[in-house]
2 protein chains.
Amino acid sequence: MGKEDFVKEITNIEDDIAQWYTDIVIKAELADYTDTKGCIAIRPYGYAIWENIQKYTDAKFKEIGVENAYFPVLIPENLLQKEKDHVEGFAPEVAWVTEAGGKKLEERYCIRPTSETIISTMYSKWLTSWRDLPMVYNQWCNVMRWEKETRPFLRSREFLWQEGHTIHETAEEAEEMTLKIFDIYNEVAEDLLAIPTVRGLKTESEKFAGADKTYTIETMMYDGKALQSGTSHYFGQNFTKPFEIKFQNRDGKEEYAYQTSWGISTRLIGAIIMAHGDNRGLKMPPKVAPIQVVIVPVAQHKEGVLEKANELFVNLKKNYRVKLDDRDNVSNGYKFNDWEMRGVPIRLEIGPRDIENGVCVLCRRDTAEKVTIELDKIDEAIEKMLEDIHNNMYKICKERLKDRTTSVTTLDEFIEQIDKKQGFIKGMFCGDPACEEKLKDLTAAKSRCIPKEQENLSDKCFICGRPAKQMVIWGRQY
Amino acid sequence: MGKEDFVKEITNIEDDIAQWYTDIVIKAELADYTDTKGCIAIRPYGYAIWENIQKYTDAKFKEIGVENAYFPVLIPENLLQKEKDHVEGFAPEVAWVTEAGGKKLEERYCIRPTSETIISTMYSKWLTSWRDLPMVYNQWCNVMRWEKETRPFLRSREFLWQEGHTIHETAEEAEEMTLKIFDIYNEVAEDLLAIPTVRGLKTESEKFAGADKTYTIETMMYDGKALQSGTSHYFGQNFTKPFEIKFQNRDGKEEYAYQTSWGISTRLIGAIIMAHGDNRGLKMPPKVAPIQVVIVPVAQHKEGVLEKANELFVNLKKNYRVKLDDRDNVSNGYKFNDWEMRGVPIRLEIGPRDIENGVCVLCRRDTAEKVTIELDKIDEAIEKMLEDIHNNMYKICKERLKDRTTSVTTLDEFIEQIDKKQGFIKGMFCGDPACEEKLKDLTAAKSRCIPKEQENLSDKCFICGRPAKQMVIWGRQY
């Protein structure tokens, strides 16, 4: 199979990015559809990305004192009902267990869509004194939300995530926690996945069901659409009151604790695909790439080639995630295309002539640039190249974000901009959810966030013309 | 609170081991009961043990080429039905999702009790040629079995585990896989958890629903009862035929693959409690102990004590899991009891006089032995002591296993032995499931395994007197 045939199997990204996305997910063996509607099987190449995200994030969490725990996947219906906004937000999209062990159950259980309610019940049992605070627990687990429209990783009925739930002595301490996590999420996106972020508070309509404040990390995909990539919520006492999470404070008085929750999920794998991919397939951010370097021996049937390739493999494996592709039933061209499609950051080619000259060839996935490197300098060359690739991938996304962020002062302008140059649009907002609803009906765009760094584009809400409260970033989303 | 009061809160292990077990689980904050009946919340001190087990086991898996993946938690009813023995074994104890997203579902989904069926469906989709084999996938996840009687960790409706599922080109290769994992599980029990094992094949009645062979690791608890602690199954083509997991073999002919599956679970946390615990509480095996060394400063209000304790903490943290207990609202006696109850292997005491003399005191949880150590030799002393504790804990269990293993040649002898000296009993077996059923009805004991190292105790089955096929180890179980 030649280069042309190979690439033909993947839909052109400019023609139909949705189909391109599905093609990549399946062809690169990241995931596959299953007999369980709306749920995917995450294959090893996709799961390894998640493991790398977990490893990085979990270490950051532990540095700031987060402890892992595990709570039941099933939540009794009465618990879900306890916080009014929360149940309104989640009840319509839960899955219910009604029979078990051969019997109809007296009370239904839902599969957790998120675990505020069950964890709050436990906190109320465990908390007595201010000395017990803070409790800073996290769980890595599966959750389920019965969405109508699904898409692998981006919106799957079941997904994997981490959900942190914390309780604190004071509102200040809880808010500080929310912000610490917000910073970690930003590092995950930018430093680990090479995806620049836009960040800030969610508007009233878009914040988490039951939260006082939701901080969000928003990223821009290849086509200018937004992806909500991580959220950190401050609850105040919204859950601690109905769930009676009380403690004796330093003055000996009873007080309700202050609470947070926060999560990132396997949706980030979707972000990697959609933010970095191109017509040749995936581009894996080097720091989470399951394979950082693939070694392709050239003329591998010739004496000494496979031996040398294997020697390189064994050496490089000490510092990098490496794969040796010694398949004898496909051509080099096929291998090159295959690994490009899977987004491996560096391809290392080595053939008989290279061996003679004590060199090998490194080829970058992001730029297709090839360089010849002396074998005794290979380790440093790869380290440097992986760093360059990370930086270049970040830069490309950053430029797109800049190019595709505009600002408007009227609704007409907005409608024109969002169709002409799909992307992020800055516009002043009065804060009324009705305006946001109207915009969504007209354009399918929603608020992304209220950024901390405000600009004053006008005194008036661009939707209704009434006095504006703040500048908001808007966009269509996945 | 004095020593006496503290210990009184835990039921005496000789009086009521079941209540002792529950007391320990709750008091040591390993887990707690929840509003979801039969399901527990695993608290950080319990979950950290599981993380340590995961880390060790996952690394061993990866060394032999296991790849992690993730499959849906919900299994459509029709898939569960495909393998006859499997559905008979599991259908009675599953939980069913019948409503989701506000609607009654056309087909029920069960929450996975185990994932052979859903994974087999995917394997049949992914497998084409012998070149695709083996596929050696594992998932770390939650599963649910709606047991009537539950007990934290040992028999919880929801539990966490890893389930490996592999397909191979030949029966030999699949069997070899089953045995490789069997070896790893044995290492987990013996080398990591300091629990000696008895191992072998399960009998016909006790093997996994759908398996040709089940290899099992059996461990003995404090009271002589058995705990099945890890199983590795060889399926032959039992699932690959109904699920049509076919490939083109090296001769170009279509063939069904050979399959295995294997798992260990959070039940191992129960094994740690029950195998090692005593009347002072938990005894944590050093290699998985969430806290290996607890530093208790003596006379911590005196100048320099907390500083020195903290200096030690910072240094030891580099190599060990250490906790500094600087609480100022409880006595030293309370702290000593508290950490003993939580099973921390080593307590390090340091007070003003020790600091003057450049020493500290190490106290072993397993023997209560105290030694004074020079501060500049502390690292080596701890390393050596943790190793000694591991070995001693293993030895204690090994002696119990030896003491409490007897053999019989008649049913009367068995009945007498099982009540007099609850433990493992060797006895010859004809292989008829009816005999096993009879024994279970009479004594509540079941076969544990058919050990590889056979002994010939008699020619006759001790239950029915007919010709014996093999020597089997029997016992009551958790």
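What distance separates the centres of domain 1 of chain A and domain 3 of chain A? Taken over C-alpha atoms, the separation is 27 Å. The model is predicted: local features need pLDDT of at least 70, side-chain atom pairs count only at pLDDT 80 or more, and totals for chains, interfaces and linings use all residues. Residues are numbered from 1 along each chain as its sequence is written, while chains are lettered from A and ligands numbered from 1 in the order in which they are written.

Chain A is assigned domain 1 (11-276), domain 2 (293-392) and domain 3 (405-475). These bounds come from an automatic or database domain assignment. Contact joins 16 residues of domain 1 of chain A to 16 residues of domain 3 of chain A (C-beta atoms, placed from the backbone, within 7 Å). On the domain 1 side, strands S9 (198-201) and S10 (213-220) of chain A each give two or more residues (strands are DSSP runs of E, at least two residues; helices are runs of H or I, at least four; both are numbered from the N terminus). S9(A) gives the most, with 4 residues.

Helix H6 (residues 116-126) of chain A is largely enclosed by the rest of the structure, because 8 of its 11 residues are buried (20 or more other C-beta atoms within 10 Å of the residue's own, C-beta atoms being placed from the backbone). Among them are A:Ile118, A:Ile119 and A:Met122.

The largest nonpolar core has 274 residues (buried Ala, Val, Leu, Ile, Met, Phe, Trp, Tyr and Cys joined through C-beta atoms within 7 Å). A:Val97, A:Leu193, B:Val97 and B:Leu193 have the most contacts inside this core. Helix H7 (residues 171-192) of chain B gives the most to the core, with 9 residues.

Technical notes. Two residues are in contact if their C-beta atoms, placed from the backbone, lie within 7 Å. A residue is buried if 20 or more other C-beta atoms lie within 10 Å of its own, exposed if 12 or fewer, and partly exposed in between; C-beta atoms are placed from the backbone.
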